[in-house]
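Below are some notes for a colleague who is opening this model for the first time. Please read them with the structure in view, point by point.

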Amino acid sequence: MEQNIVFRAKALRKEFGPTVALKGVDFELRPGEIRGLVGENGSGKSTIMSIAAGMQGATAGEMEYMGELWHPHTMVEAQKAGISMILQEANTIPGVSVAQNIFSGRENEFSKLGLINMPKMYRAADDLLRSFGIDHIRGRDPIDIHTFEDRKLVELVRCVDENTRILVVDETTTALSHTGREILYRLIHKMADEGKSVVFVSHDMDEILEQCSCLTVLRDGEIIGTLSREEMDAPDAVQRIRYMMVGREIGEKYYREDYDSSCSDNVALELKNLSFGPIKDFSLELREGEIVGIGGLSGCGMHEIGRAAYGLEKLRSGQVLRKGKPVTSCLKAIDMEIGYISKNRDSEALILEAPIQNNIVLPSLRSLVKLSYISPRSEKKMSDREIDAFRIKCGSGRQWVNTLSGGNKQKVSFGKWTARDSQVIIMDCPTRGVDIGVKQAMYTMIEDMKKQGKAILMISEELSELIGMADRLIIMKDFEVKKEFARSPELKQTDIIEYMI
């Protein structure tokens, strides 16, 4: 192998039953590159590197790494050899400490006569965390006390060491706070300066264009082309990349174009003086035909508000009311026509080891019962309708969710509630990990829901999304409301940020 190529895939093919994720892909990676990988959901961008990182095997083709044939059997084997991958979903071990997560599989470094020196492990974890610029997480902390965002940082520390030659970042930034993203960006550029390689998988075009040194575009399991840094800097780069991704022009309309914030006087959901955890006396009225956005930095409390609205948080005081009746659990919420799209998709929103169809119809089972019987035909019809509406890339509704890409999982998570025809939908980062074409379709669907009189609580870390879609925008900081903004063509991100920081 040439000395300037660290990894090469030849005619790489991957099949999931009838679904072909990769169609004989050729791919090369050089030292010092930060290679962006973009494509629609299910295009195969994550699949290439998950095979390289030992997460799964290829159906056909071969790989070379450092000049030798490469066929890792596990992610642990790949990481020891120098290829590490940070996954899109949470990948920490619950019920143990931060240090035990960081040094999982390396406990022998801290053991003597069969006993593990935990204080030594805690100190080593603290030193390692500080070397990454992470000062607010301690090695002795129980991992479960930390947010989803902070657990991703722990994964980063666990994955990267002095032996890492290739780091794969798979949609990780969608789960990170602003501070976490800066830590990651500094790391990948440091690695590139040291002659190491980074593969950066993301749907955020601005991020890709800013951070990457070159860019490869995939569509339907095939590489469409690779752009150099100079080509990425061209004025028409974004339009060109989007066309390569979807094979067609994407229309100009993206967010809502109207500034009509009118809605019904009827309150669809009321959060009345809620106190729980660090949240104190939070109140909100969401009306029929209204989109209320909640934004802020990671750890501001907005995600907890969404959970409480769905009955997932134990309240010290206050009530969540739907048409005057208390919402005391998620089962009650479903019965009251409330849906919830969780940010923590794999652990809270989906049953991974079950078919797509089962996931989609689950909240609607009661409505499908006729004479104590649920017709398989009616289940399939409901599931197929959502699969078509969201363009879920799969062989059929019988395909298991854990075989889907992250973006297609998100479509299933969304489709559960549109199938149920929920009248109130709490959306926590609803377009996380979703490609631009599907985002556009989702925004149109959310706008249609508003016109139908449905009530939407949209929690998001993307200010542009909130400004573009919400009738009212609530900004939180330190677990309390700092400012509320009305929908306006003059509203800019710079007007909002000062209330977040």
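1. The side chains of Arg 307 and Glu 348 meet in a salt bridge, with N and O 2.6 Å apart; the term stands for a side-chain nitrogen of Lys or Arg within 4 Å of a carboxyl oxygen of Asp or Glu. This pair links distant parts of the chain, since Arg 307 belongs to helix H10 and Glu 348 to helix H12 (residues 345-349), and the two are 41 residues apart. Arg 307 is partly exposed at a relative accessible area of 21%, and Glu 348 is likewise partly exposed, at 36%; here buried means under 20% relative accessible area, exposed means over 50%, and partly exposed lies in between, with a 1.4 Å probe and protein chains only.

2. A word on the basis of these notes: the model is predicted, so that local features need pLDDT of at least 70 and side-chain atom pairs count only at pLDDT 80 or more, while totals for chains, interfaces and linings use all residues. Residues are numbered from 1 along each chain as its sequence is written, and side-chain values use heavy atoms, with hydrogens and water left out. Helices (H or I, at least four residues) and strands (E, at least two) are DSSP runs, numbered from the N terminus.

3. Over the whole structure, a search finds 34 salt bridges. Glu 194 takes part in one with Lys 190, where the closest N and O atoms are 2.8 Å apart, and in another with Lys 196, where the corresponding distance is 3.6 Å. Glu 194 is partly exposed, with a relative accessible area of 44%, whereas Lys 196 counts as buried at 17%.

4. Which residues line the largest cavity? They are Leu 466, Ile 467, Ala 470, Asp 471, Arg 472, Leu 473, Phe 485, Ala 486, Arg 487, Ser 488 and Leu 491, and the elements that give two or more residues to this lining are helix H18 (463-469), strand S23 (472-477) and strand S24 (480-486). The lining divides into 7 nonpolar, 1 polar and 3 charged residues, where Ala, Val, Leu, Ile, Met, Phe, Trp, Tyr, Cys and Pro count as nonpolar, Asp, Glu, Lys and Arg as charged, and the others, Gly among them, as polar. The volume of the largest cavity is about 50 Å³, and the count comes to 1 cavity of 30 Å³ or more. On a 1 Å grid over the protein atoms alone, a cavity is a set of points where a 1.4 Å probe fits but cannot get out, a pocket is an open set with protein on both sides within 12 Å along at least five of seven lines, and lining residues have an atom within 4 Å of a point.

5. The second largest pocket holds about 780 Å³ of space, a volume being the space filled by probe spheres set on grid points that are joined across faces, edges and corners. Its lining has 36 residues, of which Met 55, Leu 404, Ser 405, Gly 406 and Lys 409 lie nearest the centre. Strand S2 (19-29), helix H1 (45-52) and helix H16 (406-420) are the elements that give two or more residues to this lining, which divides into 8 nonpolar, 20 polar and 8 charged residues.

6. The buried residues of H1 are Lys 45, Thr 47, Ile 48, Met 49, Ser 50, Ile 51 and Ala 52. Just after H1, Gly 54 takes a positive phi of about 80 degrees.

7. Positive phi values also deserve a look in residues other than glycine. Asp 421 has a phi near 60 degrees; this residue sits in the loop between H16 and strand S21 (424-428) and counts as partly exposed at 40% relative accessibility. Phe 479 has a phi near 70 degrees; its place is in the loop between S23 and S24, and Phe 479 is partly exposed, with a relative accessible area of 25%.
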